[in-house]
Amino acid sequence: MMNRILFALMLIAGLTAPFFAYPVFVMDLLCFALFACAFNLLLGYVGLLSFGHAAFFGGAAYIAGYAIKDWGFSPLIGILTGTGFALILGFAFGYLAIRRQGIYFAMVTLALAQIIYFMALQLPFTGGENGLQGIPRGNLLGFIDLNSPLNMYYFVFAIFLVGFCIIYRTIHSPFGEVLQAIRENEARALSLGYDVDRFKLLAFVISATLAGLAGATKAVVFQFAALTNAHWQTSGEVILMTLVGGLGTVFGPVVGALTVGALSHELSSFGSWVQVILGTIFVLCVLVFRRGIIGELGRVLKKP
């Protein structure tokens, strides 16, 4: 029941948001919300901490931008191209990292992501530190002008809903139940006959693909693929969003992304102190609100 209420509220808020807030800002929040949901699938439901998810987010942004700008792809096909790149990259990264556990898995993903970051810095088509600029929005399906902020917003919101529903269905499927069993007791899941590495690899690929979908969409929104999207700090930010909202909850990453994004925007006048403030919030969440916003709300509502 709670999930249905939250979904209805999210749908109403999403449909009305561009009339009350700056559409580009809300689109940015939606892209990070999808990114956080994709990351939560891996950490919250499989128990794998990746420090390299920015590679999929940023890599897909560059590929989508290049496909649209230089190959003349439509925005939808360009986004799908970037998403496909994230899928392939996710399979490659997952195949190399998935047999490691704990901090070793996290460090392997970080090292692999740094390779993508330096490729984004050095390859000629990426624009180096200046990023890939001038990505055209074009037309959706040949007749919907995405240069209109309202049209672009609802296109992004539709992408977010599709990604969110894929994650929701994955979590609430027999596949998702196995993932949670692996998180709780991997040895027992293995003894029951499940191919644990295969399930973890599939979850990693799904998470990477949807993170790439978020990054590719963000590149079209801003008409720009930035080097910061592939930086390790972006991986840290999505971890913060997931923990603030509620690790292992369906709507927690959405709330966490909105909270962190809004705080970063409102506190931008403090300059570099924003990171200090966000770090303090992170520490408080870990120490005091360990279930995150949605997790704590669910706990309170379940009390008799």
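1. A salt bridge is a pairing in which a side-chain nitrogen of Lys or Arg lies within 4 Å of a carboxyl oxygen of Asp or Glu. In the present structure, which is a predicted model, a search of the whole structure finds three salt bridges.

2. Glu 186 belongs to helix 8 (residues 186–191) and Lys 200 to helix 9, so the pair ties together parts that are 14 residues apart in sequence. Glu 186 is partly exposed, having a relative accessible area of 26%.

3. Is Lys 200 buried or exposed? Its relative accessibility is 1%, and buried means under 20%, so Lys 200 counts as buried. When neighbours within four places in sequence are left aside, Lys 200 is in contact with Val 46, Leu 48, Ile 98, Gln 101, Ile 182 and Glu 186.

4. A second salt bridge links the side chains of Arg 183 and Glu 184, with 2.8 Å from N to O. Arg 183 counts as partly exposed because its relative accessibility is 30%, whereas Glu 184, at 59%, counts as exposed.

5. Asp 195 and Arg 198 form a further salt bridge, in which the closest N and O atoms are 4.0 Å apart. Arg 198 has a relative accessibility of 45% and therefore counts as partly exposed. Asp 195, at 41%, likewise counts as partly exposed.

6. The largest nonpolar core contains 93 residues, and the members that touch the most others are Phe 56, Phe 93, Met 152, Phe 160 and Phe 164. Helix 2 (residues 23–46) supplies the largest share of this core, namely 18 residues.

7. Which residues does Phe 56 touch, if those up to four places away in sequence are not counted? They are Ala 86, Leu 89, Gly 90, Phe 93, Phe 204, Ala 208, Ala 211 and Gly 212. Phe 93, one of these contacts, is itself listed among the core members that touch the most others.

8. Nonpolar residues are also found on the surface. Trp 71, Phe 73, Leu 76, Ile 77, Leu 80, Leu 141 and Phe 143 make up a nonpolar patch there, with about 740 Å² of accessible area together. One of these residues, Leu 80, lies in helix 4 (residues 75–97).

Methods. Residues are numbered from 1 along each chain as its sequence is written. This is a predicted model: local features need pLDDT of at least 70, side-chain atom pairs count only at pLDDT 80 or more; totals for chains, interfaces and linings use all residues. Side-chain values use heavy atoms; hydrogens and water are left out. Buried means under 20% relative accessible area, exposed over 50%, partly exposed in between (1.4 Å probe, protein chains only). Contact means heavy atoms within 4.5 Å. Patches are made of residues with over 30% relative accessible area and no salt bridge: like charges are joined within 9 Å, nonpolar side chains (Val, Leu, Ile, Met, Phe, Trp, Tyr) within 5 Å. Accessible areas come from the Shrake-Rupley method with a 1.4 Å probe; for residues, only the protein chains shown count as cover. Helices (H or I, at least four residues) and strands (E, at least two) are DSSP runs, numbered from the N terminus. A nonpolar core is a set of buried Ala, Val, Leu, Ile, Met, Phe, Trp, Tyr and Cys residues joined through side-chain atoms within 4.5 Å.
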